[in-house]
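Here is a short note to read with the structure open. Take the points in order and find each element as you go.

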Amino acid sequence: MKSSILILLLFCLLCCQDKNPATEQTICGVKDPVHNLPWLGDLVDESKKNKNAEHLTVAAVTIGEETLINFTYIYMSCIGCVSYHCDGSRMEWSKYTQEQLEKYQNDLFREDGKKVILWPEK
């Protein structure tokens, strides 16, 4: 009887853990991009080193077929300004239409926006 309760308890603990969607989905061709995209890991590590990681949000958003990674500190006033392509190069705003940019910003900052939070990790 005790072993049945222990097994049931262990089962509940393992099944009830929240999973971070960023580690489950393929983003920029990898799972868990903060740890598997070297350039992104370096940016997060630099933020940790500078003691800014608690103010940082990294999110993946798609424009058309392209995934972009946005890097935002809560004290920044610019919506979506620091964004990167999957290869780590900076996003050039002039290459996108006004409609694409508006959707990108809405996906980033609206409650119902389509984004995957990569950092902070759950």
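1. How many bridges join strand 4 to strand 5? There are two, and these strands run antiparallel. Strand 4 covers residues 66–73. Strand 5 is residues 83–84. For a place to look, find Asn-70: Ser-83 in strand 5 stands opposite. Keep in mind that this is a predicted model.

2. Now widen the view to the sheet. Four strands form an open sheet, in the order 5-4-3-6. Their pairing is antiparallel. Strand 5 and strand 6 (116–119) stand at the edges. Each has a single partner strand, so one side of each lacks a neighbour in the sheet.

3. Next, the helices on the sheet. Helix 4, residues 38–49, lies across strand 3 (56–63), strand 4, strand 5 and strand 6. Helix 4 runs at about 5° to strand 4. Helix 5, residues 98–109, lies across strand 3, strand 4 and strand 5. The angle of helix 5 to strand 3 is about 140°.

4. Step back to the whole chain. The secondary structure comes to five helices and six strands. Along the sequence the pattern reads α-α-β-β-α-α-β-β-β-α-β. Trace this pattern against the sheet order 5-4-3-6.

5. Contacts come next. Take those in the chain with a separation of 6 or more: 49% of them are between residues 24 or more positions apart.

6. Last, burial and surface. The chain has 122 residues, and 34% of them count as buried, with under 20% relative accessible area as the cut-off. The chain exposes about 8,300 Å². Carbon and sulfur atoms supply 56% of that area.

Conventions:
Residues are numbered from 1 along each chain as its sequence is written. This is a predicted model: local features need pLDDT of at least 70, side-chain atom pairs count only at pLDDT 80 or more; totals for chains, interfaces and linings use all residues. Side-chain values use heavy atoms; hydrogens and water are left out. Two strands pair if DSSP finds at least two bridges between them. Contact means heavy atoms within 4.5 Å. Axes are lines fitted to C-alpha atoms, for helices over the stretch in contact, and angles run from 0 to 180 degrees between N-to-C directions. Buried means under 20% relative accessible area, exposed over 50%, partly exposed in between (1.4 Å probe, protein chains only). Accessible areas come from the Shrake-Rupley method with a 1.4 Å probe; for residues, only the protein chains shown count as cover.
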